[in-house]
Amino acid sequence: MGPTWRNHSRDQQCRPRAIAHPQSTDDLVQLVRDAERSGSTVRAVGAGHAWSDVALTDGTLVETDRLTGPLELDDGTLRPGALEGPPLVRVRAGTRIRQLNALLESRGLALRNMGGYDGQAIAGVVSTSTHGSGIRFGPFPDVVRSLDLVVARGVLVRVEPEHGITDPTRFTGTLIQDDDVFASVVCGMGCIGIIDSLVLEVRSKFWLRERRVVRTWDEVRGDLEGGVLDRHDHYEVFLNPYAREDGHHDVLVTTRDEVAEPGAGSPGEGERHPLIEIQSSIPLVWVALRLAARWVPRLVRTQFGRTLRRMEDENYTQVSYRVFNIGAANHLPALSMEIGVPVEGDNHLRAVECLFEVADECARERRLFHTSPISLRFVAPSRAYASMMYGTPTMMIELILISGTKGGRSLLAEHERRLAEFGARPHWGQYNTLGPQSGLATLYPRWDTWLEVRERFNETGVFNSEFTDRVGISAAVDFPGSRLSSR
């Protein structure tokens, strides 16, 4: 029996045959070949921040914590003119976002956008289509310009879009420059191969001004109908799923807009929300919240309105990555589900009202309660075939519960079921109940293409796992109606 591995929030665990810490590309190649030779499997993990079973394996679990740091961008194979556009950086797959931010800042650069946490590995956020908020910004897969990965039989391949940044006449390894292959591999959930390194498009360093104000859902709904997403660089919503006595729902609206670098001592500089930061950092608060969530979750929800008002802030201005990072709240023990719905007509607005209905019904009829407000973020369409944002502007709904919330998984599953009518695509890396009959080919128009690429790069089944079995990816060739089913 192998060692026990647990994820970041310790709600997922597995007993892999072995846990490996490769330090080089050659190590990755050898691990894949050894697994195939023994009839086993491999699964790569980054920071283990996923709430789903996406990283679990009973084969070899590959920790990427030693595959970190920058690489030379120009390795002697770049196409002429490749450096004339936006700035690019090449990094190892296990590089944490906080390491990447520090590296970029030292060069006067920055990520265009990021999520609210900086502890994840870059390959992990790319592979699961992690995102920030801003209707003009796509998820992480859409800033990737090239990636090197180890596929079945221990073959190292470089994958890029057609006319990618690598010059085929200068590259001596296996180079694939194909739009379909790239759009499949770049969001592969660890099912297609193990990413070794990536080239990312970035930008010059910049500052953001963040404003947070509490409004009502009726007011915010009107703003969304009126095009507010186009009036700010970044716009997100934190809403109370339970109505006040007057029937209105409290909503914390956060806007972030680029500003010039502030002068020393300018108003608004400093740390965000010191009271919330202090409370989130005290272990005793964690214990109290977990006990309340388990035994009296209805009491937790009564604090939502007060919590949202404490988070109001008219002017927090800082360098971009510090504004994107939500801080100590990331360390609260939690369980999270995230679901994307298309921003088309009023589809996303009706989806929010469905959230209210489900929260109310589950509270009244099943005594199941939310233990955190609900987050809404808005993301541009993605080119990655398996991204939740593929092909359409998307509102990502994050349903966060304090760890141990009584009946929490049942509550989340009910939201997932009811949101299906709005074209919901659950986040691969967060808690979900997807199965072989979930209609992935309907949700993802290029799903068959993604499966074909996956079969090509996983011909030995070495990247199969509990996750691919549950979702139905492992047995996709047998699905009726699939173009692969006739093989």
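Modeller: Start with burial. Buried means under 20% relative accessible area, exposed means over 50%, and partly exposed lies in between (1.4 Å probe, protein chains only). Note that this is a predicted model, where local features need pLDDT of at least 70, side-chain atom pairs count only at pLDDT 80 or more, and totals for chains, interfaces and linings use all residues. Residues are numbered from 1 along each chain as its sequence is written, and side-chain values use heavy atoms, with hydrogens and water left out.

Colleague: What is phi of Arg-367?

Modeller: Near 55 degrees, a positive value in a residue other than glycine. Most residues other than glycine have a negative phi. Arg-153 also has a positive phi, about 70 degrees, and is not a glycine. Arg-153 is in the loop between β9 (144-151) and β10 (155-160). With a relative accessible area of 47%, Arg-153 counts as partly exposed too.

Colleague: How many aromatic pairs does the structure hold?

Modeller: There are 9 aromatic pairs. Tyr-444 and Trp-447 form one of them, at 5.7 Å centre to centre and 35 degrees between the planes.

Colleague: Why is the pair of Tyr-444 and Trp-447 called tilted?

Modeller: Rings of Phe, Tyr and Trp (its six-membered ring) pair if their centres lie within 6.5 Å; planes under 30 degrees apart count as stacked, over 60 as edge-to-face and the rest as tilted. The centres are 5.7 Å apart, so the rings pair, and 35 degrees makes the pair tilted.

Colleague: And which label does the pair of Trp-447 and Trp-450 get?

Modeller: Stacked, with 4.8 Å centre to centre and 5 degrees between the planes.

Colleague: How do you know whether Tyr-444 is buried or exposed?

Modeller: Its relative accessibility is 1%, under the 20% limit, so Tyr-444 is buried. Trp-447 has 4% and is buried. Trp-450 has 0% and is buried as well.

Colleague: What lies over the face of Tyr-444?

Modeller: Arg-425, at 4.9 Å from the ring centre. A charge sits over a ring if NZ of Lys or CZ of Arg is within 6 Å of the ring centre and within 35 degrees of the ring normal. Arg-203 likewise has its charged end over the ring of Phe-206, 3.9 Å from the centre.

Colleague: What makes a set of residues a nonpolar core?

Modeller: The members are buried Ala, Val, Leu, Ile, Met, Phe, Trp, Tyr and Cys residues, joined through side-chain atoms within 4.5 Å. The largest core here has 62 residues, and Ile-122, Met-189 and Trp-428 touch the most other members. Helix α14 gives the most to this core, with 5 residues. A second, separate core of 39 residues includes Trp-51, Val-237, Leu-376 and Leu-412.

Colleague: Where is Val-358?

Modeller: In helix α11 (residues 347-366). At 1% relative accessible area, Val-358 is buried. Contact means heavy atoms within 4.5 Å. Not counting residues up to four places away in sequence, Val-358 touches Glu-414, His-415 and Arg-418. Val-358 and Glu-414 are 56 residues apart along the chain, yet their C-alpha atoms are separated by 7.4 Å.

Colleague: What is the mean pLDDT of the protein?

Modeller: The mean is 90, and 90% of the residues reach 70 or more. Here pLDDT is the predictor's confidence in each residue, from 0 to 100. Over residues 277-284 the pLDDT is below 50, and this stretch has 11 contacts in the model beyond near neighbours in sequence. Residues 477-487 are also below 50, with 16 such contacts. Where pLDDT is low, the predicted coordinates should not be read in detail.

Terms used. Helices (H or I, at least four residues) and strands (E, at least two) are DSSP runs, numbered from the N terminus.
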